Amino acid sequence: MAVSEQEILEGLGKIVNEITGIPANEVTPEKSFVDDLDIDSLSMVEIAVAAQDEFGVEIPDDQLKNLKTVKDVINFINA
Amino acid sequence: MSANRARVVVTGLGATTPVGGDVTSTWSALLAGRSGVETITDDWVDSVPVKFAGLAAVDPAEVLPRPEARRLDRSEQFALVAAREAWADAGAPEVAPERMGVVVSSGIGGIGTTLAAYDTFKERGWNRLSPFTVPMLMPNGPAAWIGIELNAMAGVHATVSACASGAEAIGYAMDMIRLGRADVVVAGGTEAAIHPLNMAAFAASRAMSTRNDDPQGASRPWQPDRDGFVLGEGAGIIVLESEEHARARGARVYAYVSGVGYSADAHHITQPEPDGRGITMAMTHAISDAGLTGADIKHVNAHGTSTPAGDVIEVQSVNKAMGSHPLVTSTKSMTGHLLGGAGGIESVFTVLALRDRIVPATLNLRTPDDGIDVDLVYGENRALPGGDLAAINNSFGFGGHNVSLVFQNA
């Protein structure tokens, strides 16, 4: 079942807010998790775990390190 | 007592307990004789024989920001709430990181995290575990988080001795200052053990009260029909400082913490030694460490957990160490027993008793048991005399660990 890019973005916004406290509306596609949102590597693991539950997509560790921006995660989930 | 040893003062207090979310509300509740014990309403209560506990008056997860709370075990949440209160109360002292220490202990550690994480692992696999699982379950976690927040580089420690853990932490903190390792140390204990497994396990050791028809009357130290302790949760943290450092910054000084006595029963893994030789030794050592005599001790905040054997042995040991004159109370009659947190909150209460010159009455005590020859405070609060005052806080733990701390008014 295809999920729209907008739905994934909203879902990610909620997850990032829950884990880091960053407002969901600051989670926009072009943002880098590390450089723009100041999210560390363990928080990225938490986000990946939550995203796997939310979207039913496994994100292996060797893929996670390539997901630099919000858009990268959206594309991975949609792939 | 060594003449040139640094004297240690208490400059900040923090607590979150079953009777209040901070020091002020907790102390008012104790002076009003209010119990923090309540019936547990979770579904799991049907599976255990004890159906009540001293649940925290304020949920720490509601106080802390959500992203922070979710990375912390409940024992860590309590510790951070109490440590922040104590630090602010001390005026957030400026201290060089290499002169700043933390000693905060827990008896059981992050057991709630351990058990929940094991469920997640079994049901959903290793990769669904939080990356913070290990720092949440490790018993040094509360000390470590506080140490990071306060930039404490002189040493961060977590002494573990079951129900003596919090008092041992404060003793260790005193020693850090007296040995010249630190100028300021944040110390105390925390516990979050109200979980069905702990309730079941303590019930299995036949240590808990099962007075399910009267939860608030269940913790009744020295009352002849007492039937065990009542589990509580929370944290008590104090800021210790060398007197020199505190005076130089013009800090408000609550009290001196002037003596610590350690001993072990070397007798039985859970039962107290009937003659109280170990606990008498802890008190005697603490009094001597403070440069005092038994006659100087005017008040004892007793371990007094409401168990049939331990309560009377403790006060008989008070007789041996200091006679029959001190005003003795057990605040566990109201808070329940916070295990590793007990020495922390009860040190706060001992300091406040000295400050206000008042001893809160032991709740639920009406007719003390036979064989007791100390001045138990019950029925109503009692005033402490004017002038110089010294008081003892006792904590004893499974394993036979005994710690006594001496506080003196400033």
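Visitor: Let's start in chain B. Which residues does Cys163(B) touch, leaving out those up to four places away in sequence?
Guide: In this predicted model, Cys163(B) touches Gly107(B), His337(B), Leu339(B), Gly340(B), Ala342(B), Ser395(B), Phe396(B), Gly397(B) and Phe398(B), once residues up to four places away in sequence are set aside.

Visitor: And is Cys163(B) buried or exposed?
Guide: Cys163(B) is buried, because 26 other C-beta atoms lie within 10 Å, and a residue counts as buried when there are 20 or more.

Visitor: OK, what does α8(B) lie across?
Guide: Helix α8(B) lies across β1, β4, β5, β6, β7, β8, β14 and β15 of chain B, and runs at about 170° to β6(B).

Visitor: Those are a lot of strands. In what order do they come in the sheet?
Guide: The sheet is an open one of eleven strands with mixed pairing, and the order in chain B is β5-β4-β6-β7-β1-β8-β15-β14-β9-β10-β12. At the edges stand β5 (155–157) and β12 (375–376) of chain B, each with a single partner strand, so one side of each has no neighbour in the sheet.

Visitor: Which helix packs on the sheet and touches β1, β4, β6 and β7?
Guide: That is α4 of chain B, residues 74–89, whose direction makes about 135° with that of β1(B).

Visitor: Going back to β6(B) and β7(B), how many bridges join them?
Guide: Eight bridges join β6(B) to β7(B), and the two strands run antiparallel; to pick out one position, Gly189(B) stands opposite Gly236(B) in β7(B).

Visitor: How many residues are in contact between them?
Guide: In chain B, 59 residues of domain 1 are in contact with 54 residues of domain 2. On the domain 1 side of that contact, α8(B) gives the most, with seven residues, and by class this side has 29 nonpolar, 24 polar and six charged residues.

Visitor: And where do chains A and B meet, how many residues does each give?
Guide: The contact takes eight residues from chain B and eight residues from chain A, and the chain B side is made up of four nonpolar, two polar and two charged residues.

Visitor: What does UniProt say about chain A?
Guide: An unreviewed UniProt entry annotates residues 6–79 of chain A as "domain: Carrier". Over those residues the chain is 58% helix and 0% strand, with the end C-alpha atoms 15 Å apart.

Visitor: Which residue of chain A carries a "modified residue" feature?
Guide: UniProt, again in an unreviewed entry, places "modified residue: O-(pantetheine 4'-phosphoryl)serine" at Ser41(A), which is found in helix α2 (residues 41–55) of chain A.

Visitor: Why does Ser41(A) count as exposed?
Guide: Ser41(A) counts as exposed because there are 11 C-beta neighbours inside 10 Å, and the cut-off for exposed is 12 or fewer.

Terms used: Residues numbered from 1 in each chain as written. Chains lettered and ligands numbered in written order. Predicted model: local features only at pLDDT ≥ 70, side-chain atom pairs only at ≥ 80, totals over all residues. UniProt positions renumbered as here; feature names shortened; annotations may be inferred. Helix = DSSP H or I, 4+ residues; strand = E, 2+ residues; numbered from the N terminus. Contact = placed C-beta atoms within 7 Å. Nonpolar A, V, L, I, M, F, W, Y, C, P; charged D, E, K, R; others polar. Pairing = 2+ DSSP bridges. Axes fitted to C-alpha atoms, helices over the stretch in contact; angles between N-to-C directions.
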